[in-house]
Amino acid sequence: GRMIEEEIEFNKAVRAVLEWGGKHSNWRQTLLVVTGDYECGYLTGPGSGISEKGPKWNPLVGRGVGQVPDLEWHSKKHTNSLIPFYAQGRDAERFSRAARNRDPIRGRYIDNAEVGKILHIVLTSRW
């Protein structure tokens, strides 16, 4: 029930980091990575699911400011759905180069195991 509020606060935290980086550092020496380790819940819009005609995944339906959108959860566990990945600053291009996999809908994506390998390289390299 607090998912939307948590997402708003998370977005504020990312914005604060971006602002800090612009004032107290520079993107040639700072790396910001925003992602998660897995998707959980398989969140979709109402009326989604598998039927005799095949899968149908509808978007969430907004109900206005301050209202929880119409939505459905399809899992109580981790899923293998793709999640967002953002990188900005020093060595961010390493992640883009490592995005060798391709989803027919979303396009290129990076395997989560590669993210950890790249972070290790970046964090142990000489700055």
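Tutor: Rolling a probe the size of a water molecule over the atoms shows where empty space is left. Here the largest pocket has a volume of about 980 Å³. A pocket is an open set of points on a 1 Å grid over the protein atoms alone, where a 1.4 Å probe fits, with protein on both sides within 12 Å along at least five of seven lines; lining residues have an atom within 4 Å of a point. Volume is the space filled by probe spheres set on the points, which are joined across faces, edges and corners.

The model is predicted: local features need pLDDT of at least 70, side-chain atom pairs count only at pLDDT 80 or more, and totals for chains, interfaces and linings use all residues. Residues are numbered from 1 along each chain as its sequence is written, and side-chain values use heavy atoms, without hydrogens and water.

Student: Which residues are closest to the centre of the largest pocket?

Tutor: Among its 27 lining residues, these are Glu39, Cys40, Leu82, Ile83 and Pro84.

Student: Which element gives the largest share of that lining?

Tutor: Helix α1 does, with seven residues. Helices (H or I, at least four residues) and strands (E, at least two) are DSSP runs, numbered from the N terminus.

Student: What is the volume of the second largest pocket?

Tutor: That pocket has a volume of about 550 Å³. Its lining comprises 20 residues, with Leu82, Ile83, Tyr109, Ile110 and Asn112 nearest the centre. Both β10 (107–109) and α3 (112–124) supply at least two lining residues each.
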